[in-house]
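Q: I would like to learn how to read a ligand site and the strands of a sheet from coordinates. Please take the features one at a time.

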Amino acid sequence: MENSEMLDRVALITGAGRGIGRAIALELARNGADVFLVARTEAQLLAVAEEVRALGRKAEIIVADVSHAEDVANAVDVAIKTYGHVDILVNNAGITRDTLLVRMKDDDWNMVIDTNLRSAFLFSRACAKSMMKRRFGRIINISSVVGLTGNAGQCNYAASKAGIIGLTKALARELASRGITANAVAPGFIATEMTENLAADSALMNKIPIGVPGTVQDVANAVRFLASDRSGYITGQVLNVDGGMAM
Ligand code: NAD
């Protein structure tokens, strides 16, 4: 194991089957955390759990749709029954349903808001009690540069990611006295399956001062810091991991 700074911490990570969520799960495990992995695809969750166990940490999985309130309540219940507590919550699951405003269906709006924003509220509410009891908690919500800048064709997604920032700041104020911090990470253009059709877009690359897409590890590194004991005096912040895109 690389580091034991999160030894005995339990981290619940949503959307942990692939991409950024998988990288976060592995990074927290490398630093000593046991993990509870939530996503929709069992085969992916099982594979990530195996990778975590190979690092010497515990991993449990649950197949759940974070846009369903019952699934969220059940997932947190099982996590607490399994480990006794949740110390670190990473609200990472997210989807896009991009289209221009006039073509956007109610369903496109509702699906994205429920998956990206409402789920973060539901998981935070469900985990807060366990964190309060132990007077320690780290809530890390994955936003996006688009939540700061807006983006044509992404009314639903931008609103969900801006909403995540408001939620984070309200949680930070409400939970600070209980030893719980809440911060958001706002990735820019990170190379994952979600963005694979954008990689060849040179106009997009020109908007990134650092000039290349970020990696899932870049995001996981930021989450690891915000999840650690070392970030205890940082709350209500948005940490951009975007190569300078949204400064
Ligand atoms: P991805 O599509 O590769 O992975 C998303 C994960 O979320 C998958 O494991 C999927 O199963 C899970 N998920 C989606 N909907 C779910 C649901 N209803 N219930 C349970 N799980 C669900 O995406 P990614 O690129 O790794 O993105 C992760 C997060 O980072 C998202 O919130 C995304 O908005 C955000 N983000 C990504 C980028 C980027 O460039 N990739 C940029 C900014 C923000």
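**Ligand contacts and strands**

A: Start with a polar contact, a pair of N or O atoms within 3.5 Å; within protein, one must be able to donate a hydrogen and the other to accept it, and residues adjacent in sequence count only if both atoms are side-chain atoms. Here a polar backbone atom of Gly15 lies 3.4 Å from an oxygen atom of the ligand. The model is predicted: local features need pLDDT of at least 70, side-chain atom pairs count only at pLDDT 80 or more, and totals for chains, interfaces and linings use all residues. Residues are numbered from 1 along each chain as its sequence is written, and side-chain values use heavy atoms, with hydrogens and water left out.

Q: How many residues surround the ligand, and which classes are they?
A: A residue is near a molecule or strand if one of its heavy atoms lies within 4 Å of it. The ligand has 27 residues around it, the closest being Arg18, Asp65, Asn92, Tyr157 and Thr192. By class there are twelve nonpolar, eleven polar and four charged residues. In this scheme Ala, Val, Leu, Ile, Met, Phe, Trp, Tyr, Cys and Pro count as nonpolar, Asp, Glu, Lys and Arg as charged, and the others, Gly among them, as polar.

Q: Which helices each supply at least two residues of that shell?
A: Helices (H or I, at least four residues) and strands (E, at least two) are DSSP runs, numbered from the N terminus. Helices α1 (19-30) and α6 (155-175) each supply at least two shell residues.

Q: Is strand β1 mostly covered or mostly open?
A: Buried means under 20% relative accessible area, exposed over 50%, and partly exposed in between (1.4 Å probe, protein chains only). In β1 (residues 10-14), five of the five residues are buried. Val10, Leu12 and Thr14 are on one face, Ala11 and Ile13 on the other. Ala11 counts as buried because its relative accessibility is 0%.

Q: Which strands does β1 join by bridges?
A: Two strands pair if DSSP finds at least two bridges between them. β1 runs parallel to β2 (residues 34-39), with five bridges, and parallel to β4 (residues 88-91), with three. Ile13 stands opposite Leu37 in β2 and has Val90 as its bridge partner in β4.

Q: What is the handedness of the unit made by β1, α1 and β2?
A: A crossover is right-handed if, with the strands pointing away from the viewer, the path from the first strand over the helix to the second runs clockwise. β1, α1 and β2 make a right-handed β-α-β unit.

Q: Why is β5 described as largely enclosed?
A: Six of the six residues of β5 (residues 137-142) are buried, so the rest of the structure largely encloses this strand. Four bridges join β5 to β4 in parallel. The chain passes from β4 through helix α4 (residues 106-134) to β5, a right-handed β-α-β crossover. β5 also pairs in the parallel sense with β6 (residues 180-187), over six bridges.
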